[in-house]
Amino acid sequence: MKVFTKIKDIQEFLSEQKRNGKTIGFVPTMGYLHEGHLSLVKKATAENDLTVMSIFVNPIQFGPNEDFERYPRDFDRDRKLAEDNGVDVLFHPSVEEMYPEESIVQMNVKKRKDVLCGRTRKGHFDGVVTVLTKLFHITMPDRAYFGLKDAQQFAIVQGFVADLNFPIDIIGVETVREEDGLAKSSRNTYLSAQERKEAPEIYQALLKGKKAVENGVDDPAEIVRLVSDHIRQNTGGEIDYVEVLSFPELDPLERIKGKVIIATAVQFASARLIDNVILDLSR
Ligand code: AMP
């Protein structure tokens, strides 16, 4: 596995690979790798000649009161995991390398951002599409892989790549879970023992909502109530949101139909967890 920290070096290397006809699959991450990240790598290695992973905790997608400073980092462990799981090229730039001076342009997401996490994480998705624009220009991938756990991110990235004509296929990958159903996340390390016990109830709540929809409940408010009640009754976490929206448009629904997402964010003492289920009623 080749490791790069400088933009110019990785661009030179990958340009040469592309000239030789190699296809590139790209997996952007913030590191502290777990099986969720590695499932993206597995798909990328199966579908491309070269798998490129970035590990970069992107400061501009964190709000002033968010966890940028304390976000877990362990590059030596990540490097080994990446290599053992088939990553060919690892890009691990410093913040100074990615943002050497104040930017003269700013990316603004216009749609799909005023719901779910976008409600409270102002500017978060602007930071995401900005860093992805840079990373896409740096790694020049044919395909890029994103987890559906971050469903709003996936919906926005799909829209932004289509809008700006990036010649990249955006591939969504199912959420990888712990045995008890908790969605794997680097932020799970923040949970206390008690919170870790309660956290799988978030997925149970979503499954309850999904089942109700499958059984014919088509009132979004009723699903929100059902899911919220389950989370309140079974965890000490505070609900940030429970929403039922069309997917990937993320529009509100009068009645539940077509492809929809039931999504939630729950704030525990020191960890904010998100999860969702996506259902397609048109099939
Ligand atoms: P992060 O390092 O949290 O920014 O995540 C990097 C990529 O891994 C994103 O596309 C995430 O959606 C994806 N990802 C994170 N957790 C999971 C999971 N449990 N299952 C599948 N993909 C995930």
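User: Hi! Which side chains do Arg196 and Asp180 bring together, and in what kind of contact?

Analyst: The side chains of Arg196 and Asp180 meet in a salt bridge, 3.0 Å from N to O. A salt bridge here is a side-chain nitrogen of Lys or Arg within 4 Å of a carboxyl oxygen of Asp or Glu. This is a predicted model, where local features need pLDDT of at least 70, side-chain atom pairs count only at pLDDT 80 or more, and totals for chains, interfaces and linings use all residues. Residues are numbered from 1 along each chain as its sequence is written, and side-chain values use heavy atoms, with hydrogens and water left out.

User: How many salt bridges does the structure hold?

Analyst: The structure holds 20. One of them joins Arg121 and Glu66, at 2.7 Å from N to O.

User: Is Arg121 buried or exposed?

Analyst: Arg121 is buried, at 12% relative accessible area, while Glu66 is partly exposed at 30%. Buried means under 20%, exposed over 50% and partly exposed in between, using a 1.4 Å probe and protein chains only.

User: New topic: which residues are linked in a network of salt bridges?

Analyst: Glu35, Glu178 and Lys184 are linked that way.
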